[in-house]
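Reader: I have the model open and would like to go through its side-chain pairings with you. Could we take them topic by topic?

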Amino acid sequence: MTKHLRAAFYVALLAIGCMLTIAPARAQSVYGSIFGTVADTTGAVVPGATVTVTDEAKGTVVTVVSNGTGDYNVSHLVPDTYDLKVELKGFDTYISKGIVVQADVSPRVDIALKVGGAGGETVTVNADTVPELKTDRADVSTVFNQQEVSDLPVGDQNFTNLQLLLPGAQLLGWSHAADENPQASRQIQIDGQAFGGVAYELDGTDNQDPILGIVVVNPSMDSITETKITTQNFDAELGKAVSAVMAVQTKSGSNSFHGSAYDFRTSNAFLAREPFTQHPGQFTDVPSGIKNKFGGSVGGKIITDRLFFFGSYEGQRQRGGISELDTLPSKLVATSCLSGNGCDFSEYLANLPTGQGQIYDNRSGTPVAFAGNIIPNALVSQEWKNILTTLTPYINAESGGNLGGLDSNYRANGGGGFNSDLWAVRVDDTISQKQNAFVRFSRWTNTLSGGQLYTGLGGRGFGLGGYGGDSSSADDSASVGTDYIFNPKLITDIRLGYLRYNIADAKNDQTADAGAALGLAGANTGDTTTGGLPAFNISTLAGGSTQPLWGDGLNISRCNCPLIEREDQFQIVNNWTKVLGNHSIKVGADLRYGRNLRVPSDTNRSGQYNITAGPTSNKGADGLPFASLALGDVATFNRYASTSTNAKEFQKRTFFYGQDTWRATNKLTLNLG
């Protein structure tokens with residue numbers, strides 16, 4: 001560690017040396033500034049003028065004096081609306097009102113003083129006279145102020161959707177499952193870069209999960225004062241970013257108390273029927289569902305002109321309902337297989353397209369067609385009978401479908417729940433004209449659940465995004481910052497940050513030996529991590545449209561379970577700004593220490609079976625996936641399944657060899673800029 005720190009120290013010295021040659025940098029990632037030149041009406045510069053900047057809401061005051069060339073720079077301003085006053089004996093007093101200062105933004109306000117009489121007059125202008133042209137920096141960015149954040153119809157009141165208002169932004173066609181991303185961070189490509197290249201910052205500290213590349217705490221829209229998205233030429237201190245930086249500032253209190261309250265409520269009762277899975281004219285086929293997002297905020301003073309507070313809360317209570325469509329074996333197959341007279345697949349030969357549906361016995365190596373398309377009872381596996389017994393109530397409820405009722409023949413409605421609570425508190429302290437400080441803490445917790453299509457055999461989920469399982473998470477984000485003005489030419493700011501991303505995810509039957517109950521030897525090993533059902537990926541029937549999906553798993557019920565994810569990160573940022581004449585030079589370091597533990601189940605730990613028509617085909621022609629599954633006894637199941645992952649083998653690969661599936665790291669990162 002000593003060697004690494006020594007190397008980092010030398011790199012820091014080199015970076016500082018390089019930074020001495022850069023162009024002026026006035027704004028900070030958390031603070032803003034106002035700068036400009038004081039001159040008279042003839043254009044001659046006016047040194048020694050007193051420039052006073054007052055926060056309209058908080059009443060805090062910062063005073064500087066224009067230098068020998070008439071330039072002034074009021075830096076490290078907390079984002080807010082300010083009034084600017086310029087005074088000098090012999091000149092009229094100049095006042096500009098309503099100057100909006102945003103984080104990492106520096107409005108330029110040039111002053112033209114008029115020569116005044118003994119008493120002097122006051123000239124007042126509005127901030128709309130301030131030039132919009134940005135002259136102090138070259139970044140390409142879009143800033144959404146408090147009113148825009150509040151008034152824009154942002155989808156689902158999700159602040160990450162603001163990225164979609166940028167040119168070159170595109171929403172990806174896929175997303176992380178709801179159990180891995182319950183905070184609903186959107187996966188958006190900006191300028192063709194990967195979505196993980198977007199750096200999320202909350203009050204100047206990191207707010208991004210280092211593994212999945214998504215936001216950790218998704219703040220409520222009501223708690224945001226502004227959002228700045230920089231897509232090109234962002235500052236060196238934001239070196240983690242690749243495609244964009246999305247920096248969010250939370251609101252602070254003021255001398256007057258203010259608050260808000262809201263409630264957004266939607267119901268499936270107002271949704272149109274989905275024609276492919278919901279019968280026309282049958283209202284009962286529209287699954288029930290309701291979503292209620294509500295919250296509020298309050299801010300005010302603790303000490304007038306000195307100490308302020310702000311707090312916000314947002315809750316979500318959602319019961320989601322969706323319709324699922326699946327393909328089950330026919331009633332004839334179920335009754336014949338369970339009767340002991342052999343499995344009768346004659347319906348498939350009669351209803352599938354010509355040349356499809358004939359099943360073959362391949363035990364001898366030479367395909368021999370089963371007479372009447374019936375598999376003799378002696379060849380039917382007990383596991384298949386156990387599966388059919390579990391599915392019998394659902395097979396009896398089959399109705400409609402394609403291919404004579406053999407495809408897409410079972411549909412059902414179900415639901416799942418999602419409850420979340422998000423709250424944040426912030427305190428700002430104007431300690432003196434030389435020092436400001438703030439502290440903010442946010443916590444987001446949720447529970448996510450979803451039922452599945454079949455009791456005892458899992459299947460597609462009814463929860464959000466087709467989720468079937470049981471998940472909970474608790475994410476935290478904290479930020480502490482202060483700045484200190486040693487003198488008008490030397491300023492420093494320090495920020496401390498902490499984030500935690502913590503998810504626990506499990507199958508609905510995680511604690512049960514559900515695979516063993518179906519007779520699948522080796523599916524459950526007695527360890528909870530291998531509990532529950534395996535995954536059955538069964539090929540679509542020839543000419544069919546719906547793939548049968550049974551069991552549990554990420555590709556079945558959108559449940560990456562069991563999932564253990566515990567990540568936290570500690571961060572310290574220190575920047576120094578030095579004014580040299582008309583230039584300001586900024587140097588600093590960003591030090592982060594992260595601990596990441598992620599044990600996913602991208603492949604089901606109870607086993608995964610991919611069943612095709614191959615074992616009952618004539619060298620690739622004909623054959624039926626259900627018939628292949630019917631032949632799979634314990635000794636030959638892996639041979640008849642096209643691929644299979646045994647639970648014990650998978651567990652061994654995961655915990656001893658599987659760097660691709662198991663990850664635990666301690667990482668120290670140093671960014672210099």
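Reader: To start with the rings, how many aromatic pairs does the count come to?

Author: The count comes to 16 aromatic pairs, where rings of Phe, Tyr and Trp (its six-membered ring) pair if their centres lie within 6.5 Å, and planes under 30 degrees apart count as stacked, over 60 as edge-to-face and the rest as tilted. One of them is Phe294 with Tyr313, a tilted pair with 6.2 Å centre to centre and 50° between the planes. Phe294 belongs to strand β17 (residues 290-303) and Tyr313 to strand β18 (residues 307-326), 19 residues apart; strands (E, at least two residues) and helices (H or I, at least four) are DSSP runs, numbered from the N terminus.

Reader: Before we go on, what sort of model is this, and which atoms do side-chain values use?

Author: This is a predicted model, in which local features need pLDDT of at least 70 and side-chain atom pairs count only at pLDDT 80 or more, while totals for chains, interfaces and linings use all residues. Residues are numbered from 1 along each chain as its sequence is written, and side-chain values use heavy atoms, with hydrogens and water left out.

Reader: Fine. Is Phe294 buried or partly exposed?

Author: Phe294 is partly exposed at 24% relative accessible area, and Tyr313 is partly exposed at 30%; buried means under 20%, exposed over 50%, and partly exposed in between, with a 1.4 Å probe and protein chains only. Phe345 and Tyr348 also form a tilted pair, at 5.8 Å centre to centre and 50° between the planes, but here Phe345 is buried at 0% and Tyr348 is buried at 1%.

Reader: Switching to charges, how many salt bridges are there?

Author: The structure holds 21 salt bridges, each being a side-chain nitrogen of Lys or Arg within 4 Å of a carboxyl oxygen of Asp or Glu. Among them is Arg592 with Asp206, at 3.1 Å from N to O.

Reader: Last topic, the helices: which residues of α3 are buried?

Author: In helix α3 (residues 331-339), Val333, Ala334, Ser336 and Cys337 are buried. The buried residues of α3 pack against β19 (343-344), α4 (346-351) and α5 (382-395), a contact being heavy atoms within 4.5 Å. Just after α3, Gly340 takes a positive phi of about 90°.
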